[in-house]
Amino acid sequence: MIRGAPTGRLAPVNALRHLAGLVRRTLLGLAPGLARPDDTFALGWLEAREADVYRAMDARDRDHACRVARRLLARHPDAEPRTVRAALLHDVGKSERPYRVWERVLVHVWTPDPATAGRLPAGLRGAWRVHAEHAGLGAGRLRALGVDDRVVELVARHHEPPAGDEELRRLAAADEAT
Ligand SMILES: [Fe+2]
Ligand SMILES: [Fe+2]
């Protein structure tokens, strides 16, 4: 499985939503001024050290994070607050190395096989690595800051099969549909 890619087969409706999200993220990659993150909503959920990390994220990543959290809450009003916080921070690993405009577009429409990625140009290798490994990178950063273990776990595993973890399943499904 390519890390950073949607997990498993998507239901038709989710697949359409995922495609719409892909188009939206591609357009935002080309026109970042279109990003409209609902920071007031996000900061109402996050604890102080989480809020600092969130504020440092690219506006396009904050926009996506807010959409995922809102979709999660629309589908599951009883979602655990830590799952909502994880939704708002799940892609924070992408802040480790900000994408150039063309890289942001490219990594969302094409992800190389890990076996061949080593042959990519140096700059593109970095962009792909962040795209492929952002879950672990983000979790490591949050862990180092002392963020709640459960939030860290959800961020670390948000592209993995949920294996009976209902809150992780909810988060992953909201992400895949956004
Ligand atoms: Fe992700
Ligand atoms: Fe995401």
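Student: What percentage of the 178 residues in the protein do buried residues make up?

Tutor: The model is a predicted one, and burial here is judged by a count, a residue being buried if 20 or more other C-beta atoms lie within 10 Å of its own. By that criterion, the share of buried residues among the 178 of the protein is 38%.

Student: How many helices and how many strands does the protein have?

Tutor: Read from the N terminus on, the elements run α-α-α-α-α-α-α-α-α-α. The tally for the protein is accordingly given as 0 strands and 10 helices.

Student: Why is helix H5 described as largely enclosed by the rest of the structure?

Tutor: The buried residues of H5 are Thr83, Val84, Arg85, Ala86, Ala87, Leu88 and Leu89, and they pack against helices H2 (39-43), H3 (48-55), H4 (59-75), H8 (122-144), H9 (149-156) and H10 (166-176). Helix H5 spans residues 81-89, and it is largely enclosed because the buried ones among its 9 residues number 7.

Student: Which residues is Val155 in contact with, leaving aside its neighbours within four places in sequence?

Tutor: With its neighbours within four places in sequence set aside, the contacts of Val155 are Ala86, Leu89, His90, Ala135, Gly138, Ala139 and Leu142.

Student: Are helices H1 and H6 roughly parallel or roughly antiparallel to each other?

Tutor: The axes of H1 (residues 12-30) and H6 (residues 101-109) come within 8 Å and cross at roughly 165 degrees, while angles over 145 degrees count as roughly antiparallel. The relation of H1 to H6 is therefore roughly antiparallel.

Student: How many nonpolar, polar and charged residues are there in the contact of H1 with H6?

Tutor: H1 passes H6 in a left-handed crossing, with Leu22, Arg25, Thr26, Gly29 and Leu30 of H1 and Val101, Arg104, Val105, His108 and Val109 of H6 making the contact. Gly counts as polar in this division, and the residues of the contact are 5 nonpolar, 3 polar and 2 charged.

Student: What share of the contacts with a separation of 6 or more do residues 24 or more positions apart account for?

Tutor: Taking the contacts in the protein with a separation of 6 or more as the reference, the share from residues 24 or more positions apart is 70%.

Note on methods:
Residues numbered from 1 in each chain as written. Chains lettered and ligands numbered in written order. Predicted model: local features only at pLDDT ≥ 70, side-chain atom pairs only at ≥ 80, totals over all residues. Buried ≥ 20, exposed ≤ 12 C-beta atoms within 10 Å, placed from the backbone. Helix = DSSP H or I, 4+ residues; strand = E, 2+ residues; numbered from the N terminus. Contact = placed C-beta atoms within 7 Å. Axes fitted to C-alpha atoms, helices over the stretch in contact; angles between N-to-C directions. Parallel < 35°, antiparallel > 145°, perpendicular 65-115°, else oblique. Left-handed = near helix turned anticlockwise from the far one by under 90°.
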